Amino acid sequence: MNLLSWFDLVGTFVFAISGTLAAAEKRFDFFGAVFAGFLTAVGGGTIRDVLLGAYPLAWVQNLNYLYIIITGVLTTFLLKKYIAPLRKTMFLFDTIGIGVFTIIGLQKALTFGVHPIIAIMMGTISAVFGGVLRDTFSNEVPLIFRKEIYATACILGGFLFLILDNYLNSINLKVIITILFVISIRIIAIRFKLSLPRIENLN
Amino acid sequence: MNLLSWFDLVGTFVFAISGTLAAAEKRFDFFGAVFAGFLTAVGGGTIRDVLLGAYPLAWVQNLNYLYIIITGVLTTFLLKKYIAPLRKTMFLFDTIGIGVFTIIGLQKALTFGVHPIIAIMMGTISAVFGGVLRDTFSNEVPLIFRKEIYATACILGGFLFLILDNYLNSINLKVIITILFVISIRIIAIRFKLSLPRIENLN
Amino acid sequence: MNLLSWFDLVGTFVFAISGTLAAAEKRFDFFGAVFAGFLTAVGGGTIRDVLLGAYPLAWVQNLNYLYIIITGVLTTFLLKKYIAPLRKTMFLFDTIGIGVFTIIGLQKALTFGVHPIIAIMMGTISAVFGGVLRDTFSNEVPLIFRKEIYATACILGGFLFLILDNYLNSINLKVIITILFVISIRIIAIRFKLSLPRIENLN
């Protein structure tokens, strides 16, 4: 099992926790929390695979995703008061998650023979759509549309990964460099309060 | 035509009525009502089939679903004042509906060679996702995430059906026992005000 | 390239603008605007293709859609003050868009051997679901469910196109007649304040 597969598990686990925390705020019950955790963790990859027609879906074929997600939800239920304050740790793991999901989605799309730009889109969809679905089903405007450099970090990370692909052989090295890059973009964006322009600023 | 097929029609009809009643509350017009009825009635099965890659979809291939749904919507438009008070009858038919949709979805998923746990998930998705989509498109937080034992009744019904599958041959008998079980769970849950724990109760 | 293909580009461009304007009202950032433009422009066709199992999706295979959408979003960002007042022009292009998308969706569905009624449904889904998704992700009740004769114009246009198919050979002529018909329905509906009945009016 390579580094990417390990990070995939970490990302799935962290996204399940983030979905459960969102469900807790909305006063969902345990089933609602599992649903929110599941949607956040595998929703992005599911949308990507449905758009590609890539059957069977990963979580349909491999029960480990379900087990990891339920573990994530139970962990959050039992240890909420310890998890909630870990904002910085969660931020780090979440960013590792979107970086990894971008790379996995991008690679999978390329195996379907799509243009690299579409592959980067599919990677970004893998990374961010779980959160978009979670927010939509919770009746919230998805945060991603107005907050910080989030999807942009995935898109830029996707470009970097494709460039590195021409020069490096080690998948582990490419993954580490890309994820460090995505983390740096998010930290820099937060530190300097960078954000994308809104349409009303331009008129 | 076996009992399951008959119940499938009943479930589709009742779900179309429930979608139309939700549309009426939101002041949708006739097209909106047909859309809400359609989404509620076939939305869950559609999501299941898209997740499995099970083409062609049942309602694309078989126009009877569309006819039943339009009949359900028209019935609700014409007889609303008689239908609205029939809460107990609607509850009964709705529970038959989710029981049947769970069994149909579970069986279909098994024909795709998935693990029984995934099959139970697919059955539950068939049963509850129509309502989730109806609520999401109506800009409501789906009720299922915070109210009563609803999805849980499907999950438990799914387990029972798989267990019965080892001991009984008659599909009709298995269907009746499973549906009576699902109805009992919902009645007991309502009578004793059972609900799943929420995350804030645990901390 | 026939008239239908040209109109397809016009429809995609106009729908991208309409999505961007909706995003601006919600104060989405640039990425959110591209997402909203994209969803509005290709969301309906994507839902249609996923329901039909028609892979690969048009925009996955053909990058021109992406380029047209990004051009539409940038145009809106740069020229918002000139575009916003062009309500009548936008209405005209939007109606050409739904007419064209109905015809394209209907034709594509027929190549999958579905019943003509399902083909008209698929055409209507192509035309209106982009806007439905845009509204749902923006946390709005989709306007289409309660405003004017919008989906109805697509459904009637679809019927007319299928009837014309028996009598005319020229695709351009059929497209022009159908689109003029759809435009007429919408103008008549607005002029005479026609709308579909709501359920509460009937009781």
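How does the radius of gyration of chain A agree with that of a compact globule of 203 residues? Select chain A: its radius of gyration is 17 Å, which agrees with the value near 17 Å that a compact globule with 203 residues would have. (The radius is taken over C-alpha atoms, and the globule rule is 2.2 Å times the number of residues to the power 0.38.)

A word on the ground rules: this is a predicted model, where local features need pLDDT of at least 70 and side-chain atom pairs count only at pLDDT 80 or more, while totals for chains, interfaces and linings use all residues. Residues are numbered from 1 along each chain as its sequence is written, with chains lettered from A and ligands numbered from 1 in the order in which they are written.

**Stop one: chain A as a cartoon.** You'll find eight helices and zero strands (DSSP runs numbered from the N terminus: H or I of at least four residues for helices, E of at least two for strands). Along the principal axes, the C-alpha atoms of chain A fill a box of roughly 50 × 45 × 30 Å. Buried residues, with 20 or more other C-beta atoms within 10 Å of their own C-beta, placed from the backbone, make up 51% of chain A.

**Stop three: where B meets C.** Here 26 residues of chain B are in contact with 24 residues of chain C, contact being C-beta atoms, placed from the backbone, within 7 Å. On the chain B side, colour H1 (3-25), H2 (30-52), H4 (64-83) and H6 (116-137), the elements that each give two or more residues. H2(B) supplies the largest share, six residues.

**Stop four: the core.** The largest nonpolar core has 188 residues; such a core is a set of buried Ala, Val, Leu, Ile, Met, Phe, Trp, Tyr and Cys residues joined through C-beta atoms within 7 Å. Finish on Met122(B): beyond its neighbours within four places in sequence, Met122(B) is in contact with residues including Arg48(B), Leu52(B), Leu106(B) and Ala109(B).

Key: Contact = placed C-beta atoms within 7 Å. Buried ≥ 20, exposed ≤ 12 C-beta atoms within 10 Å, placed from the backbone.
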